[in-house]
Amino acid sequence: GGHYPQDQRWLDRLDEAGFAMWEETLGPNTKVQNLTDWTHFMRFQMQQLDEMILQSLNHPSIMTWGFFNEGPTQHPAACPAYAACVQRAKALDPTRFSTWASNRLMSDTCLGHAPLISFNSYPAWYDSLPMPISDIPAYWERLVQRVDTKYPGVPYITSETGAGGIMEWSNATDVRWSPKRQAEVLAGDVDAMLGNARVSGLSLWHFFDFKANDRDTSGCGPCA
């Protein structure tokens with residue numbers, strides 16, 4: 001749903017279409033100093049969490065409330081802010097999950113507060129290049145097993161994974177940024193998720209193309 005509360009008209013459409021929605025407060029790229037600032041930052045964070053939940057509470061498309069995309073959860077000092085948001089969300093809406101998209105994976109020191117564990121990871125794109133696509137299933141199996149061992153009974157979803165691709169680039173080989181490479185990575189990630197009963201959900205980033213990412217695609221060569 002993006003890293004901000006959603007327009008109610010958009011949520012109406014999702015309700016009608018039967019989509020599941022993750023709605024979260026504005027606040028990606030937060031730092032420890034933000035999350036420990038209870039006189040200003042966290043005061044307004046709690047206010048916007050209240051406003052978002054109370055505004056969107058009756059939309060059946062909402063499956064989870066979220067906050068602090070890819071925040072500094074490797075630092076224990078950040079965890080009281082995460083715990084406070086989880087507790088506030090539960091008090092306002094005990095029927096839904098709350099969560100955060102963590103790219104710290106098992107180094108996330110706040111996961112003990114999470115009703116739903118959500119990881120952003122790109123094993124064959126950003127994270128561990130050049131991981132062979134054939135290694136993707138084993139990567140996810142190890143990661144999900146570690147979650148299950150340390151946090152048994154807590155549901156897990158992959159909140160971001162996949163690869164980028166340039167839509168117009170028709171290439172016979174699976175070079176980086178080609179749709180062929182993108183499709184292969186996506187297939188590897190999706191197959192790994194569907195084949196693991198411990199995984200409760202999956203969201204792909206980026207599903208179709210990455211035309212707006214001029215910084216990264218500028219060095220990919222001619223699209224021919």
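Which residues are buried in helix 3?

Tutor: Keep in mind that this is a predicted model. The buried residues of helix 3 are Met42, Gln45, Met46, Gln48, Leu49, Met52, Ile53 and Ser56. Viewed down the axis of helix 3, these buried residues stay within an arc of 165°, so they line one face of the helix. Helix 3 itself runs over residues 41-56. That is 16 residues, with 22 Å from the first C-alpha to the last. The span is close to the 22 Å expected at 1.5 Å a residue.

Next, the cover. The elements over the buried residues of helix 3 include helix 1 (8-17) and helix 2 (32-35). They also include strand 1 (21-24), strand 2 (62-66) and helix 4 (79-92).

Take helix 4 from that list. Two packed helices are described by the angle between their axes and the distance between the axes. For helix 3 and helix 4, the angle is about 30° and the axes are 10 Å apart. That makes helix 3 roughly parallel to helix 4; the cut-off for that term is an angle under 35 degrees. The crossing of helix 3 past helix 4 is right-handed. On the helix 3 side, the contact is made by Met42, Gln45, Met46, Leu49, Asp50, Ile53 and Leu54. Helix 4 contributes Ala81, Ala84, Cys85, Arg88, Ala89 and Leu92.

Ser56 belongs to helix 3. Its relative accessibility is 0%, so Ser56 counts as buried. Setting aside residues up to four places away in sequence, Ser56 touches Gln8, Leu11, Glu23, Ile62 and Trp65.

Step past the helix. His59 sits in the loop between helix 3 and strand 2. His59 is buried too, because its relative accessible area is 7%. With residues up to four places away in sequence not counted, His59 touches Gln8, Leu11, Asp12, Asp15 and Arg96.

Most residues other than glycine have a negative phi. Asn29 has a positive phi, near 60°, and is not a glycine. Asn29 lies in the loop between strand 1 and helix 2. Asn29 is exposed, because its relative accessible area is 58%. Glu70 is the other case: its phi is positive, about 50°, although Glu70 is not a glycine. The loop that holds Glu70 is between strand 2 and helix 4. At 24% relative accessibility, Glu70 counts as partly exposed.

Helix 6 covers residues 179-194. It has 16 residues and reaches 22 Å from first C-alpha to last, close to the 22 Å expected at 1.5 Å a residue. Its buried residues are Arg181, Gln182, Val185, Leu186, Gly188, Asp189, Ala192 and Met193. Down the axis of helix 6, they fall within an arc of 160°, so they line one face of the helix. Asp191 and Leu194 are exposed on the other side. The cover over the buried residues of helix 6 includes helix 5 (136-150), strand 6 (156-161) and strand 7 (199-204).

The axes of helix 5 and helix 6 come within 9 Å and cross at roughly 40°. Helix 5 and helix 6 are therefore oblique to each other. Helix 5 passes helix 6 in a right-handed crossing. Ile136, Pro137 and Trp140 of helix 5 make the contact with Val185, Gly188, Asp189, Ala192 and Met193 of helix 6.

End with Met193, in helix 6. Met193 counts as buried, at 4% relative accessibility. Leaving aside neighbours within four places in sequence, Met193 is in contact with Trp140, Thr158, Val199 and Leu202. The C-alpha atoms of Met193 and Val144 are separated by 9.7 Å. Along the chain, Met193 and Val144 are 49 residues apart.

Note on methods: Residues numbered from 1 in each chain as written. Predicted model: local features only at pLDDT ≥ 70, side-chain atom pairs only at ≥ 80, totals over all residues. Heavy atoms only, no water. Helix = DSSP H or I, 4+ residues; strand = E, 2+ residues; numbered from the N terminus. Expected span 1.5 Å × (residues − 1). Buried < 20%, exposed > 50% of the residue type's maximum accessible area, 1.4 Å probe, protein only. Arc of directions from axis to C-beta. Contact = heavy atoms within 4.5 Å. Axes fitted to C-alpha atoms, helices over the stretch in contact; angles between N-to-C directions. Parallel < 35°, antiparallel > 145°, perpendicular 65-115°, else oblique. Left-handed = near helix turned anticlockwise from the far one by under 90°.
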